[in-house]
Amino acid sequence: MSRGWKSIVLHAVLIAGGLLTLFPLLWMVSASFMSNGESTTFPPHLVPHAATLAQYKALFLRLNLGRAFLSSAIVAITVTLSSVLFGSMAGYAFAKLRFGGRERIFGILLIAIIVPPQVGMLPLFLLMKTLHLVNTYWGVIIPSMVTVFGIFLIRQFMLSVPQELLEAARIDGAGEFRIYWSVVMPLARPILATLATFMFMSTWNDFMWPLIILSNQSHHTLPVALANLLGEHVLDVELMMSGSVVTVLPVLILFLVLQRYYIAGLMVGSVKG
Amino acid sequence: MKNPESRAAFLFLTPAIVLLSIFFFAPVIAGFALSVTDFDLYTLGDVHNLRFVALRNYRELIGNPIFWTAFGNTMYFALVGGPLTVAVSLFAALLVNNKLTRWKALFRTVYFAPVVTTLVAVSVVFKYLYHPRFGIINLALGALHLPQPDWLGDPHFAMPAIILLAVWKGFGYTMIIFIAGLQTIPEELYEAARLDGAGAWGQFRHVTLPMLGPTFLFVGVVVAIGQLQIFAEPYVMTGGGPLNKTLTIVMMMYQQGFKFWRMGYAAAVAFILFLVIGAATLVQMRLGEKR
């Protein structure tokens, strides 16, 4: 096969695969702009005949999905900020500060990466119940406020920060916190962006723990609200699609804008193996 | 603690260590302890009802056919879905990474997009795509005069349908890792293989595959760990049905623990999940060492 033909076949397969991959998402968006029942007509409509915002209006005005959106935003933003702060503090200490037992403590933390989170969920629920944090945002937030993955990610990056830089700052009389905040943190901006992107997306998409801890509708995050909505509105295809769009779109846009950082994080994660 | 550096380290580590100890390590250890008790709805009302039952929960689980169904379904999902995801993602990585490919970044982004979507939301989308009469999948199959199964309603098709969703959702992630692996293979190896008369398949078989060894190990472990924890897809799409054909280990843990409040029993399910994941990781590491 000549080079030209090879290239044509290759790109045909790539484009076909791309369309197949995007199809469910495109159909979701398209159906969300249809009026009731339009997506299940025969022959099928792939594109709405008269695009309408009726489904979105119903979601936000009648079904109060705006509240779930707000809940998701509150939880995801808080988790992102706190995991970046606490993760960077710990990652910095593990990479750059000398203290007894450093490697051993870090080694113990790494065990957490192979333990499935479900093992701790039952006692965690009982703990949250004791602390009166069931059905609160804090109940969702606290267990993710710092992650071993985040500490690991930051530590790997900080290892490459030259020790002389820190020594120079110490000689200039800077305190340890000042060195962390004014010298190290500005250098670490790319990896902080990576961790922030990761944490925001995984928290936004998280389902099982919010489902367990938020039994009351008033605090439901979007995935939990959507799963609940499906129970009552399984026949309202177009409405469910608009709910899916509202849930997926923020993370999809964030990914498109920040994919450089997101993919960098994947790479660091895979190097350890 | 005289050393200012260790004092600073102590302060920097305190929030992380305290949070992880209380909200991760302690619950994990307590989870194992919980699995040898009869913690249930009555205990939830009054802790004095709590009794040590040794391995009774485990014995009961092993004798419960529903547990073996959930176990088998989870294995089916992981052992078919896992390799399928790896195969599709390797294929995609080879295409995207090909020297002739233009718009590499665009294709990479498109194939990766499903990874960042919300699992619950795309499970809802696929539930409608799989609809036996109106779903686009069956309409397309009908147009090609192929059989149109009741995907999520047929015991034989429900798990394959969920596997297809999982492959679609997950292959982009492993594809990215394979692309990184492919880029570390020196071009000279391919040239040498070509001089030895190796065609495209020969180069793939004798250069690409062996050189990707460590990548395969990493990908295999990550995919297996993720797949064995499957929960949201069946929760949203099938509720574990039809005929428990999509009930999984984590789903059983959720139902027993948080629907029926049999938390001791559910903790035993969770511990078995932990063992299964640990075993899967070990097996893959051993296989990796052999090569």
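## Salt bridges in the predicted model

A:E103 has a relative accessible area of 46%, so this residue is partly exposed. The structure is a predicted model. A:E103 forms a salt bridge with A:R155, and the closest N and O atoms are 3.9 Å apart. A:E103 sits in helix α4 of chain A and A:R155 in helix α7 (residues 148-158) of chain A, so the pair ties together parts 52 residues apart in sequence. A:R155 has a relative accessible area of 14%. That value is under 20%, so A:R155 counts as buried.

How many salt bridges does a search of the whole structure find? Over all chains, the search finds 11. Among them is the pair A:E167 and A:R98, with the closest N and O atoms 3.2 Å apart. This pair links distant parts of chain A: A:E167 is in helix α8 (residues 163-171), while A:R98 is in the loop between α3 (65-96) and α4 (102-111), 69 residues apart.

The side chains of B:R194 and B:E187 meet in a salt bridge, at 3.4 Å from N to O.

The table gives the accessibility of four of these residues.

| Residue | Relative accessible area | Class |
|---|---|---|
| A:E167 | 28% | partly exposed |
| A:R98 | 45% | partly exposed |
| B:R194 | 38% | partly exposed |
| B:E187 | 32% | partly exposed |

Notes: Residues numbered from 1 in each chain as written. Chains lettered and ligands numbered in written order. Predicted model: local features only at pLDDT ≥ 70, side-chain atom pairs only at ≥ 80, totals over all residues. Heavy atoms only, no water. Salt bridge = Lys/Arg side-chain N within 4 Å of Asp/Glu carboxyl O. Helix = DSSP H or I, 4+ residues; strand = E, 2+ residues; numbered from the N terminus. Buried < 20%, exposed > 50% of the residue type's maximum accessible area, 1.4 Å probe, protein only.
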